[in-house]
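Please look over the model below before reading on. My notes follow as numbered points.

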Amino acid sequence: MSETTSTTPEPTLEQVAQDFLDAYESGNPIAPPRTVIADLDIAGAYRIQQIQEEAFVAQGRKVVGRKIGLTSLAMQQQLGVDSPDFGFFTDDLVFKSGDSVKVDQFIAPKVEPELAFILKDDLPADASFEQTVAAVGEIRLAVEIIDSRVADWDITLVDTVADNASCGAIVIGEENLAINSEDLPKVTAEMSIAGSPAGAGTGADVMGHPLAPLQWLAGVLGEQGVPLKAGDIILTGSFCAAAPVVAGQNVSVDFGKHGTLTLDFV
């Protein structure tokens, strides 16, 4: 009589997406998706992300923008990847400069200094760089709070993509900055946490120009049938490597003549 062996079926994309949704609620991180789905590719990882986005919208949350990650060499080296990615954020995840942010809503938060761009026009998938520049209506100072629902930040590109590009929340300034496109690469940012230096960079560290990732995003989203619309808030990537934060710390980013953005973690 031959013996039969049973195997546990491999989790589906939908099941991994649900695991991420559960992690948001429980605060308990999950195993890297690449370790539970054999040969997980970028398309599959983005589908896991999209399922989560659909679930958030079904809950009544409104997607108000996109974040582009891994656009600086520092961040690519920090996470061991070689290409950008993107995620989404909802209206309840947008904070203002000076706000207090509760650490316990995240698992392992880190902060990154960035610029935020608010579109005044729709941006087509085949937008030229000149069209990309023209579509920007407002420029704001920003900090992205990144977080990982994957245990111990043990991520490759497919893992962070599946985890909504490790998006936690965003913080944006309230002032529309008067910065010409050609001057954006010269913008400087010096970040401090609890009074100690925590990273610095310039706009040129973001793919050479902070609007280059926006043009890239229009094309990638266009391939998925998701257009960039007027009113969307887009964060185009960090000026430097991310730095961890804990409760009780103040984060301050000095953008030189363009102002300072601050937040308190409680």
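**Notes on the predicted model**

1. Aromatic pairs come first. By the rule used here, there are five aromatic pairs. Rings of Phe, Tyr and Trp (its six-membered ring) pair if their centres lie within 6.5 Å; planes under 30 degrees apart count as stacked, over 60 as edge-to-face and the rest as tilted. This is a predicted model, in which local features need pLDDT of at least 70 and side-chain atom pairs count only at pLDDT 80 or more, while totals for chains, interfaces and linings use all residues. Residues are numbered from 1 along each chain as its sequence is written, and side-chain values use heavy atoms, with hydrogens and water left out.

2. Tyr24 and Phe56 make an edge-to-face pair, at 5.4 Å centre to centre and 80° between the planes. Tyr24 belongs to helix H1 (residues 13–26) and Phe56 to helix H3 (residues 42–58), so the pair ties together parts 32 residues apart in sequence. Helices (H or I, at least four residues) and strands (E, at least two) are DSSP runs, numbered from the N terminus. Phe56 is buried at 4% relative accessible area, whereas Tyr24 is partly exposed at 29%. The cut-offs are under 20% relative accessible area for buried, over 50% for exposed, and partly exposed in between (1.4 Å probe, protein chains only).

3. Tyr24 and Phe56 form one aromatic cluster with Phe88. Phe56 also has a charge over its ring: the charged end of Arg61 sits 4.0 Å from the ring centre. Lys110 lies over the face of Trp153, 4.5 Å from the ring centre. The rule asks for NZ of Lys or CZ of Arg within 6 Å of the ring centre and within 35 degrees of the ring normal.

4. Which residues have the most contacts inside the largest nonpolar core? They are Val111, Ile145, Leu228, Val251, Leu263 and Phe265, in a core of 69 residues. Strand E6 (residues 136–146) gives the most to this core, six residues. A second, separate core has ten residues, including Val64, Cys167, Ile170 and Ile233. A nonpolar core is a set of buried Ala, Val, Leu, Ile, Met, Phe, Trp, Tyr and Cys residues joined through side-chain atoms within 4.5 Å.

5. Beyond its neighbours within four places in sequence, Leu263 is in contact (heavy atoms within 4.5 Å) with residues including Asp99, Val101, Val143, Ile145 and Val251.

6. The largest pocket has a volume of about 240 Å³. Fifteen residues line it, and the closest to its centre are Tyr24, Glu25, Gln105, Phe106 and Arg149. H1 gives the largest share of this lining, four residues. On a 1 Å grid over the protein atoms alone, a pocket is an open set of points where a 1.4 Å probe fits, with protein on both sides within 12 Å along at least five of seven lines; lining residues have an atom within 4 Å of a point. Points are joined across faces, edges and corners, and a volume is the space filled by probe spheres set on them.

7. Two backbone angles are worth a check. Most residues other than glycine have a negative phi. Asp39 is not a glycine, yet its phi is positive, about 60°. Asp39 is in the loop between helix H2 (33–36) and H3, and is exposed at 76% relative accessible area. Ala194 also has a positive phi, near 55°.
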